[in-house]
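Okay, everyone, thanks for coming. Let me put the model up and then walk you through a few spots I liked.

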Amino acid sequence: MKRTFLILIFLVNFHSIFSQSNECNDGGNFECGSLKDRGEIVITALNQLDCRNEKAHLYAMFPRITIYAGYVFKEITYCSSNEIDSYQGRLQFIYCMPDTCQEIDITIYDFKDPYFQSNSGRILKDITLMPFDATTSSAVMGAHLASSLNKFNNEIIISPRFGSIGGESDEVSYLAYHDNRYFIQIDIDDKSKRFTEPIQVENFISGYVNLIKL
């Protein structure tokens with residue numbers, strides 16, 4: 001029963017927290033649509049971030065590329081000096097496609113952060129790592145071992161659309177867990193269902209993944 005409850009929490013998180021799909025022509029993310037008029041695109045410098053002292057080591061892990069496969073750098077999030085649970089122990093870079101407002105969100109977690117020693121942090125960590133268990137549950141979630149990347153210790157491609165019961169989702173994701181410390185999550189908007197197999201996701205994000213420096 002507890003396992004089923006955790007699976008439901010994971011699926012709710014997967015669909016609501018990490019889903020970023022916004023079509024510009026649906027009145028969606030204006031900031032993304034206006035990127036093409038922003039002029040030169042630059043990655044926000046570390047010294048401009050409120051979390052520069054706490055998260056410099058996470059910032060250093062992200063590739064300094066302004067455009068990836070047509071997706072343009074938009075912003076850095078999960079960076080605040082406030083003690084907010086959802087901001088602690090992680091950093092996120094967001095890229096978006098100006099014409100469609102579809103996003104790629106890259107988040108790196110450090111599970112050695114003190115937050116993950118708290119009750120809420122431990123629960124979040126357990127839920128986050130659930131897809132790596134080779135169980136019926138992970139099959140339902142649509143987790144598949146990444147077969148071609150071999151960058152980090154544990155890597156999977158996941159989406160309910162790849163699940164054993166054929167779920168629906170507007171998003172596909174890459175998850176990696178390395179050295180029992182760092183967790184990487186790359187969420188890709190995909191309303192158009194361009195990715196029909198996990199290997200297609202691997203091929204798409206491999207160039208970015210290989211630039212991550214842990």
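Predicted model: local features only at pLDDT ≥ 70, side-chain atom pairs only at ≥ 80, totals over all residues.

**Rings, a disulfide and one isoleucine**

Residues are numbered from 1 along each chain as its sequence is written, and side-chain values use heavy atoms, with hydrogens and water left out.

Back to the rings. The model has 18 aromatic pairs, counting rings of Phe, Tyr and Trp (its six-membered ring) with centres within 6.5 Å; planes under 30 degrees apart are stacked, over 60 edge-to-face, and the rest tilted. Phe62 and Phe93 make a stacked pair, 4.0 Å centre to centre with 5° between the planes. That pair links distant parts of the chain, with Phe62 in the loop between H3 and strand E1 (67–68) and Phe93 in strand E3, 31 residues apart. Helices (H or I, at least four residues) and strands (E, at least two) are DSSP runs, numbered from the N terminus.

Now, how do the rings of Tyr68 and Phe204 pair? Their planes sit at 75° and their centres 6.0 Å apart, so this one is edge-to-face. Tyr68 is in strand E1 and Phe204 in helix H6 (residues 198–209), so the pair ties together parts 136 residues apart in sequence. Tyr68 and Phe204 are both buried, too. Ring pairs also join up into a cluster, whose members include Tyr59, Phe62, Tyr68, Phe93, Phe204 and Tyr208.

Next, the cysteines. There is one disulfide, meaning a pair of cysteine sulfur atoms within 2.5 Å. Cys51 and Cys79 form it, with their sulfurs 1.9 Å apart. Cys51 is in the loop between helix H2 (30–33) and helix H3 (56–59), and Cys79 in the loop between strand E2 (71–77) and strand E3 (90–96), so the link ties together parts 28 residues apart in sequence. It's left-handed, at -110° about the S-S bond, and both Cys51 and Cys79 are buried.

Last stop: Ile104, in strand E4 (residues 103–110). Ile104 is buried, at a relative accessible area of 5%. Beyond its neighbours within four places in sequence, its contacts (heavy atoms within 4.5 Å) include Tyr71, Phe93, Ile186 and Phe204. Ile186 is 82 residues from Ile104 in sequence, yet 6.8 Å away in space, C-alpha to C-alpha.

Notes: Buried < 20%, exposed > 50% of the residue type's maximum accessible area, 1.4 Å probe, protein only.
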